Amino acid sequence: LYRGVSADRHESAVSLMRDMGLEENQDRRFGAVSQGEQRMVLLARALIKQPLLLILDEPCQGLDANHRRQILQTVDALGRRQQASIIYVTHEPEELPPVINHAIQLDRGRIVRKGRWPWC
């Protein structure tokens, strides 16, 4: 937990922060940045390990339009360039990033619709 990071890992983190527009916050405490920036930092923390599966539960909830757009663009880019599978949970289907191509709609815990997204 308290070990230093290698130069390669540090450069990867700086590069990811730059790609996500977070470089100006790299020396700020987590609690000192906005809610939208916190979400971006949490997403960056998940992405740094290049996961094969990324599970996002309401990642845009409560965000302003700018941070919502940033999150959606980041998730879409990740899905297009990596071999990551993405599970994206939302109550707002219009916020699904374009890379999402299959969906399951639930009603009170039961599947009411599933298949290719957007629904045909």
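# Reading the patches and helices of a predicted model

Colleague: Where does Ile-55 lie?

Modeller: Ile-55 sits in strand β1. A word on the source: this is a predicted model, where local features need pLDDT of at least 70, side-chain atom pairs count only at pLDDT 80 or more, and totals for chains, interfaces and linings use all residues. Residues are numbered from 1 along each chain as its sequence is written, and side-chain values use heavy atoms, with hydrogens and water left out.

Colleague: Thanks! How many helices and strands are there in the protein chain?

Modeller: Helices (H or I, at least four residues) and strands (E, at least two) are DSSP runs, numbered from the N terminus. Here the protein chain has 3 helices and 4 strands, in the order α-α-β-α-β-β-β along the sequence.

Colleague: Back to Ile-55: is that residue buried or exposed?

Modeller: Buried means under 20% relative accessible area, exposed over 50%, and partly exposed in between (1.4 Å probe, protein chains only). Ile-55 has a relative accessible area of 55%, so it is exposed. Across the protein chain, 32% of the 120 residues are buried.

Colleague: Which residues make the nonpolar surface patch?

Modeller: Patches are made of residues with over 30% relative accessible area and no salt bridge; like charges are joined within 9 Å, and nonpolar side chains (Val, Leu, Ile, Met, Phe, Trp, Tyr) within 5 Å. A salt bridge is a side-chain nitrogen of Lys or Arg within 4 Å of a carboxyl oxygen of Asp or Glu. Areas come from the Shrake-Rupley method with a 1.4 Å probe, and for residues only the protein chains shown count as cover. In this model, Leu-53, Ile-55, Ile-87 and Val-89 make a nonpolar patch of about 340 Å². Strands β1 and β2 (85–89) each supply at least two of its residues.

Colleague: And which residues form the positive surface patch?

Modeller: Lys and Arg count as positive and Asp and Glu as negative, while His and the chain ends are not counted. A charge is placed at NZ of Lys, CZ of Arg, CG of Asp or CD of Glu. Arg-3, Arg-9, Arg-45 and Lys-49 form the positive patch. Lys-49 is in the loop between α2 (35–47) and β1 (53–57), and it counts as exposed because its relative accessibility is 70%.

Colleague: What does His-67 touch?

Modeller: Contact means heavy atoms within 4.5 Å. Leaving out residues up to four places away in sequence, His-67 touches Ser-34, Gly-36, Glu-37 and Met-40. His-67 belongs to helix α3 (residues 65–81) and is buried, with a relative accessible area of 11%.
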